[in-house]
Amino acid sequence: MPQDPSTTPPLLVKATRILNAFEGQRSTLTLTDVVRHSGLSQTTVHRLMDQLVQVGWLEREGREYRLGLRLLELGAFASHHNRLRRAALPQMIALHRETGHWAHLFVLDGPEVVCLEQIGDPRESVPPFQVGGRLPAHCTASGKALLGFGGPAVEPHVAGEHAPRTRRTITRADTLRTELAAVRDAGVAFDRGECFHDVTCVAAPLRGGGRALAAISVSRLAGYADLNRLAPRVTACTRLVWASMFGALRRAEDTPAEPVAADDAENLRSWLRFSEWG
C-alpha cells in the first residue's frame, strides 16, 4: 500500500537520518547498517547515499561507506568560524563601546562577504543586514579589505564588471584594482556609501603576514568625515583579536607550554590546512 505523502519525511530529513547513522564509533557502515540506523527503506537509503557520494558528503569503498571529505571540510569551516567569533566578540564589544558605532565581523565566501557577528545598539540604529547576511565584496569595506589581502585566489572576484548598488559603487575592474592597491598600502578599506547610500564603513583585515582570515568593520549612518579617525581603532581591534588567537602559539615557540588538548590541536591543524594562509 502506498505511503501517505503527508507522513513521508522530507528529503533533507531523510539525508540527515542517513548522515546521523555515522555518529557512532564505527567510521564505516554498510548499506544494511545505515538502513537499520535510519529507519528508512533500503531503496531510499541506496538512492540517497549514491547522491551523497556524488556530492562528496559520503565516500564509498566496496560495500562500505564513510563520511566524505567535503562534509568534513564544511564541519571544519563551521568550527573555525565559531572559534573566530568567540575570539573576536570581546574586542568587538569594546570597539562598539569606544566608538559608539556598530562593529561587524565578516568572512569572504566567493564574491560575497558573510556577516558572522555584529555588535551595536538597536535603539540608536539598525544595520540594513543581519548576522548571516551576504553582501557583495566589491562595494563593502570588509569585502575590499578581504579582496585586497586575498592573494591571487580572489582575482576572479575582482575581474569583470560589477553590479552597482549606489551611484558610488565601483563597477570597473581596473578601478577596483586601484582601490585594492590603496587598501594594501593603508592596511584599511573604506565604503563611502557604495553598498548602501546612507551607510559608511571602515574595515581592517584580520591577518598575520599572509592572506586575510576575516575583516572587522565599523559602520555609521551617513557622513564619512570621521572614518579616518575610526580607522586606527578598527586596526587595533583586529590586532588584539589576532593576538588572542595566535599570540600564545608564538610564545610557545620560545617557552615550554602546557600540552594542547588533542581536539584543539586537531582543530588548529585543520584550520591551517583548509584556510590556505600565505
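1. Start with helix α3, residues 42–54. Its 13 residues should span 18 Å at 1.5 Å a residue, and its end C-alpha atoms are 18 Å apart, which agrees. The expected span is 1.5 Å times one less than the number of residues. Helices are DSSP runs of H or I, at least four residues, and strands are runs of E, at least two, numbered from the N terminus.

2. A note on the source. This is a predicted model: local features need pLDDT of at least 70, side-chain atom pairs count only at pLDDT 80 or more, and totals for chains, interfaces and linings use all residues. Residues are numbered from 1 along each chain as its sequence is written, and side-chain values use heavy atoms, with hydrogens and water left out.

3. T44, V45, L48, M49 and L52 of α3 are buried (under 20% relative accessible area, 1.4 Å probe, protein chains only). Seen down the axis of α3, the buried residues fall within an arc of 120°, so they line one face of the helix. The arc is taken from the directions from the helix axis to the C-beta atoms.

4. That buried set packs against α1 (11–20), α2 (31–38), β2 (58–61) and β3 (64–67). Contact means heavy atoms within 4.5 Å. On the other side of α3, Q42, T43 and Q54 are exposed (over 50%).

5. Just after α3, G56 takes a positive phi of about 90°.

6. Now look at D191, in strand β7 (residues 189–192). The D191 side chain reaches the backbone nitrogen of E194 at 2.7 Å. D191 also touches C139, T140, A141, K144, V199, T200, C201 and L227, not counting residues up to four places away in sequence.

Terms used: Polar contact = N/O pair within 3.5 Å; in protein donor to acceptor, adjacent residues only side chain to side chain.
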